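Open the model in your viewer and keep the selection panel handy. We will go from one stop to the next, with something to select at each.

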Amino acid sequence: MELLIEKIKNEGTVLSSSVLKVDSFLNHQIDPHLMLEIGKEFAQRFADSGITRILTIESSGIAPAVMAGLQLNVPVVFARKRKSLTLVNNLFTASVYSFTKEETSEISVSNQYLSENDNVLIIDDFLANGQAALGLAEIATKAKASIAGIGIVIEKGFQDGGSLLRDKGYRVESLATISSLDDGSVSFKQPTTKTKVELTR
Ligand code: G4P
């Protein structure tokens, strides 16, 4: 997705050889125009999949998921990472370990918003080690829902998440795949070509 790749080139900051900062449009401030295009792209890729519901995780998955839900005309449910005052009973839960943060969190979704009648599209902002996506898939499985696929805004192709999920048989659609963040620069893996961009910040 060229628009997204351009945005990463123009506004992304390489914090280390494994972390890309994109706070200006995805993780803190949100670019609604870009997010709408991201939603359209997910909707187009999964147009024939019979999606009934989108499942994401707070907080940065919500914006792209809502735009995709708007385009596919389906509701969007987000897993909560923190205990909620109103979300206490009848929950589907999964434990998610973050290698980045070295902590485990319990994520939960009410059984009111996910059922065996659902065909779910899982959406998240970043794919690193795949643990969040796996946790969402576990929740969908507990609800006996079908999983049509996993849509990712930015996949870090040099980490294990993509192969972990694809090896499990999930259809993973990433809108931008980064092959390396070495030497302060972002390299993109594209279906046909590879582009290397020097980021000076
Ligand atoms: P995993 O789910 O793929 O295993 O990823 P991991 O635990 O390593 O990621 C933990 C958090 O860090 C997630 O956000 C994830 O989106 C984010 N993250 C991972 N790699 C990068 C990166 O290179 N750049 C940025 N900007 N974020 C990254 P989170 O803590 O759930 O945050 P949020 O969704 O509340 O914003």
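How do the residues of the lining of the largest pocket divide into nonpolar, polar and charged? They come to 14 nonpolar, 10 polar and nine charged. Here Ala, Val, Leu, Ile, Met, Phe, Trp, Tyr, Cys and Pro count as nonpolar, Asp, Glu, Lys and Arg as charged, and the others, Gly among them, as polar.

Before you click further, know that this is a predicted model, where local features need pLDDT of at least 70, side-chain atom pairs count only at pLDDT 80 or more, and totals for chains, interfaces and linings use all residues. Residues are numbered from 1 along each chain as its sequence is written, and side-chain values use heavy atoms, with hydrogens and water left out.

**Stop 1: the pocket.** The largest pocket holds about 890 Å³ of space. Select Ser 98, Thr 100, Lys 101, Asp 125 and Phe 126: of the 33 lining residues, these are the closest to the pocket's centre. (A pocket is an open set of points on a 1 Å grid over the protein atoms alone, where a 1.4 Å probe fits, with protein on both sides within 12 Å along at least five of seven lines; lining residues have an atom within 4 Å of a point. Strands are DSSP runs of E, at least two residues, and helices are runs of H or I, at least four, numbered from the N terminus.)

**Stop 2: polar contacts.** These are pairs of N or O atoms within 3.5 Å. Select the side chain of Asn 27, where an N or O atom is 2.9 Å from a ligand nitrogen. Then show the backbone of Ala 128, with a polar atom 2.9 Å from a ligand oxygen, and that of Asn 129, with an N or O atom 2.9 Å from a ligand oxygen. Taken alone the ligand exposes 730 Å², of which the protein buries 84% (Shrake-Rupley method, 1.4 Å probe).

**Stop 3: backbone details.** Most residues other than glycine have a negative phi, and most peptide bonds are trans. Go to Glu 102, in the loop between β5 and β6: its phi is positive, near 55°. Finish at Ser 59, in the loop between β3 (53-57) and α4 (62-72), where the peptide bond from Glu 58 is cis, with omega near -5°.

Terms used:
A polar contact is a pair of N or O atoms within 3.5 Å; within protein, one must be able to donate a hydrogen and the other to accept it, and residues adjacent in sequence count only if both atoms are side-chain atoms. Grid points are joined across faces, edges and corners, and a volume is the space filled by probe spheres set on the points.
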